[in-house]
Amino acid sequence: MATPAALATNDARSAFCSARVLIAWGLIVAGLALTFGHAFWGMWVYHWFPAWGRTGLGLYDRLVEGDSYYTHAPIVPFVTLGIAYILIRKTKIAIRPRPIVGGLVLAASLLVQLAASLVGVQFVQGFAFIGVVMGLVLVIWGGGALRRLWFPILLLFFMMPLPPLVIAQLNFRLKMIAADWGVAVASAIGIPSARKGAELFIGTDKQMVVGNVCSGLRTLISLLGFGAVYAYVCKLRGWWRAGTFAMVLPVAVI
């Protein structure tokens, strides 16, 4: 039977270990905030909520105004943390730290972050953040934990804005698809119509311009993230799960 002195020693040791763990996690979070805080603030202001810096707007207008494709982005970290918490609490994860491999991944990601921050490329900094998270998981818990947590980590991709040039190209192509399909449907039901660039001519005296909002890109980006979560949590397996996720693309475009 353990003596009172031994029990007190064990309690003190447990308290010290818990405090040490909390301090370690606090230092990790603080380091991530210092390293990536500026990048995520830039994403918030320039990509997620472009109207944030406008004066004279209320909070709601600052959140909904502006030409953004990533207003869903701030929700993604909470979904990621929720899924990761459930996996850690409800499943068995073997703890076998891989400090060498994890350190290499961590160092490579930090180098990418440094280079991207020097040239101001925010989407690359976002991808570097995901690499840092993977490196930390390898260092602290190991490859088994990374295999278990791969989905919530990769889900962070849906909060990282694509380069403006890529967005513009996708917008244009999807907009032209929408215009072509509109003309085809109108002609099929007997309405004379034609397209010239982004302009639609209907009948003899009506015309309209297909705007960027008609491309469906906002819906596509948001539904891809939602579809990924749904396909992951549903009971389907294998190709059925992959097919469920793949259906998001035609549904969003149509």
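## Contact between α9 and α10

In this predicted model, helix α9 contributes Leu 224, Gly 227, Ala 228, Tyr 230, Ala 231 and Tyr 232 to a contact with α10, where the partners are Arg 241, Thr 244 and Phe 245. Sorted by class, the residues of this contact comprise six nonpolar, two polar and one charged.

Two packed helices are described by the angle between their axes and the distance between the axes. Here α9 (residues 217-233) and α10 (residues 238-246) pack at an angle of about 160°, and their axes are 8 Å apart. Angles over 145 degrees count as roughly antiparallel, and α9 is therefore roughly antiparallel to α10. The crossing in which α9 passes α10 is right-handed.

## Aromatic pairs

The whole structure holds 12 aromatic pairs. One of these is formed by Phe 151 and Tyr 232, which are stacked with 4.0 Å from centre to centre and 5° between the planes. This pair joins distant parts of the chain, since Phe 151 belongs to helix α7 (residues 150-154) and Tyr 232 to helix α9, 81 residues apart. Tyr 232 is also among the α9 residues that meet α10. Phe 151 has a relative accessible area of 7% and is buried.

Elsewhere, a cluster linked by ring pairs brings together Phe 36, Phe 40, Trp 44, Trp 48, Phe 49, Trp 52 and Phe 129.

## Ala 178 in α8

Helix α8 (residues 164-188) includes Ala 178. This residue is partly exposed, at a relative accessible area of 31%. Its C-alpha atom lies 8.4 Å from that of Ile 254, although Ala 178 and Ile 254 are 76 residues apart along the chain.

Key:
Residues are numbered from 1 along each chain as its sequence is written. This is a predicted model: local features need pLDDT of at least 70, side-chain atom pairs count only at pLDDT 80 or more; totals for chains, interfaces and linings use all residues. Side-chain values use heavy atoms; hydrogens and water are left out. Axes are lines fitted to C-alpha atoms, for helices over the stretch in contact, and angles run from 0 to 180 degrees between N-to-C directions. Helices (H or I, at least four residues) and strands (E, at least two) are DSSP runs, numbered from the N terminus. Angles under 35 degrees count as roughly parallel, over 145 as roughly antiparallel, 65 to 115 as roughly perpendicular and the rest as oblique. A crossing is left-handed if the near helix is turned anticlockwise from the far one by less than a right angle, and right-handed if clockwise. Contact means heavy atoms within 4.5 Å. Ala, Val, Leu, Ile, Met, Phe, Trp, Tyr, Cys and Pro count as nonpolar, Asp, Glu, Lys and Arg as charged, and the others, Gly among them, as polar. Buried means under 20% relative accessible area, exposed over 50%, partly exposed in between (1.4 Å probe, protein chains only). Rings of Phe, Tyr and Trp (its six-membered ring) pair if their centres lie within 6.5 Å; planes under 30 degrees apart count as stacked, over 60 as edge-to-face and the rest as tilted.
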